[in-house]
Amino acid sequence: METPAMDSSVVGKAAVRRVTTVLIPFLMFCYLVSFIDRVNVGFAAFQMNKDLGLSSSVFGLGGGLFFLSYFLFEVPSNLAMRKYGARRWIARIMLSWGLISGCTAFVTGPYSFYVVRFLLGAAEAGFFPGVILYLTQWFPAENRGRIVSLFYVAVPLSSFVGSPISASLLGLEGMGGLHGWQWLFIIEAIPAVLLAAVTFFWLPEGPADARWLADDQKRWLSARLEAERRLQEETAPVRERRTWRVLMHPQVLLLSLVYAGTSAASNGLSLWQPQILKSFGLTNAQTGWLNSLPFAIASIAMIWWGNRSDRTGERVASTAIPLALSACALGACLFMTQLAPTVMFLVLTLVGTYAFKGPFWALSTERLGPEASAAGLAQINAVGNLAGFGGTFLIGVIRDATGSYALALAPVLVLQLMGFVLLMATRRHRAPAASSGPAGLH
């Protein structure tokens with residue numbers, strides 16, 4: 001005969017499994033579309049830069065302005081989501097970024113390019129930390145490494161899926177009197193606008209609103225998450241209530257700087273890797289398919305490493321190891337002059353960069369109390385995107401000055417090494433183990 005505890009454990013596992021199968025694929029697809037709209041400019045540059053007379057420095061600054069506005073609007077956007085609810089705010093984000101991304105097709109020179117990229121960053125600001133905050137309202141702490149990895153795998157998948165699609169859309173050159181790069185922006189903006197409508201009418205605010213959960217599953221999730229919330233209120237290192245105190249808390253700033261290195265690497269390579277590979281004399285189609293390879297491998301490694309982090313319950317080492325791998329591989333890239341070894345080390349760089357994400361965000365949510373989560377998660381991601389601005393811009397400037405993509409990646413390497421050193425310092429601030437609540441998942 002099963003005991004009540006055993007019954008509850010079965011219900012809990014079923015609840016987590018149900019939420020995972022319903023919510024995560026949808027949110028993954030939304031983020032995949034978001035990232036395609038963010039980085040497709042890397043492929044558009046094959047034609048656009050020549051048509052508009054954009055140098056590498058101009059392109060790097062325009063690409064980087066996305067991250068600057070993302071940084072400026074990240075915290076206000078996440079606070080607005082807490083006020084207006086995930087359904088409304090995420091739908092608003094997706095609608096605005098889709099429309100603005102489509103408008104990139106009509107830029108005419110450097111200044112209009114700067115304006116559109118700045119507006120795109122402002123429109124998308126808050127989506128990622130907002131979803132991370134939203135997931136804490138559905139999943140117990142012990143599941144978050146795996147869940148964040150599943151959600152974040154949309155980023156490398158966006159390059160795996162989007163690279164050949166973007167490359168092929170360039171082939172529409174001249175159709176309807178438009179350039180291929182213009183069709184690229186117009187066509188790839190449509191899914192975001194459609195998903196905004198789906199989000200507004202379908203996305204539930206929390207377990208109590210989910211019609212696809214059984215009543216006992218709703219009760220289990222609510223009780224478990226409430227128990228964890230009370231524990232976090234008492235023991236999390238960051239328990240401030242005032243927004244400015246959260247933003248300036250040493251733990252939040254430390255985690256922000258740790259994230260800066262890997263964010264600069266992932267954002268910089270998403271934007272510049274197609275041009276790095278094309279510099280070896282590849283065609284657009286060859287570049288598209290080869291560019292997808294590192295991201296495909298990184299996607300698999302990311303899911304496996306997130307599962308491992310949840311099984312061991314260890315967050316700091318699970319974050320530090322892939323960060324070290326990424327830094328070492330990127331450092332090796334600086335000395336490569338042939339295509340095959342360059343691709344190999346780019347694969348390892350991205351494997352480390354993306355495997356880092358799941359354990360890192362699980363670690364971050366454990367360090368933040370319930371009242372600090374909205375501002376804290378936004379601050380961490382905002383600083384990371386500010387590093388994305390600096391890294392993307394510097395890659396363009398150094399490339400123009402030296403003609404070398406290898407040297408242009410050096411600032412990103414420095415940020416990664418800094419992040420690794422700072423991450424080791426977080427070992428002194430261990431978050432409490434998540435409570436098993438009324439009926440833990442075992």
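Me: Is Cys333 buried or exposed?
Reply: The model is predicted, local features need pLDDT of at least 70, side-chain atom pairs count only at pLDDT 80 or more, and totals for chains, interfaces and linings use all residues. Residues are numbered from 1 along each chain as its sequence is written, and side-chain values use heavy atoms, with hydrogens and water left out. Buried means under 20% relative accessible area, exposed over 50%, and partly exposed in between, with a 1.4 Å probe and protein chains only. Cys333 has a relative accessible area of 6%, so Cys333 is buried.

Me: Is Cys328 buried or exposed?
Reply: The relative accessible area of Cys328 is 58%. Cys328 is therefore exposed.

Me: How many disulfides does the count come to?
Reply: A disulfide is a pair of cysteine sulfur atoms within 2.5 Å. The cysteine sulfur closest to that of Cys328 is in Cys333, 12 Å away, which is too far for a bond. Cys333 is in no disulfide either. By this rule the count is zero.

Me: How many helices are in the chain?
Reply: Helices (H or I, at least four residues) and strands (E, at least two) are DSSP runs, numbered from the N terminus. The chain has zero strands. Its number of helices is 19.

Me: What radius of gyration does the chain have?
Reply: The radius is taken over C-alpha atoms, and the globule rule is 2.2 Å times the number of residues to the power 0.38. For 442 residues, a compact globule would have a value near 22 Å. The chain agrees with this, at 21 Å.

Me: What share of the contacts with a separation of 6 or more joins residues 24 or more positions apart?
Reply: Contact means heavy atoms within 4.5 Å. Among contacts in the chain with a separation of 6 or more, the share from residues 24 or more positions apart is 84%.

Me: Which residues does Ser299 touch, not counting those up to four places away in sequence?
Reply: Ser299 lies in helix H13, residues 284-312. Ser299 is buried, with a relative accessible area of 5%. With residues up to four places away in sequence left out, Ser299 touches Val153, Pro156 and Leu157.

Me: How far apart in space are Val397 and Ser56, C-alpha to C-alpha?
Reply: Val397 lies in helix H17, residues 373-402. Val397 is partly exposed, with a relative accessible area of 31%. In sequence, Val397 and Ser56 are 341 residues apart. In space, C-alpha to C-alpha, the distance between Val397 and Ser56 is 6.9 Å.
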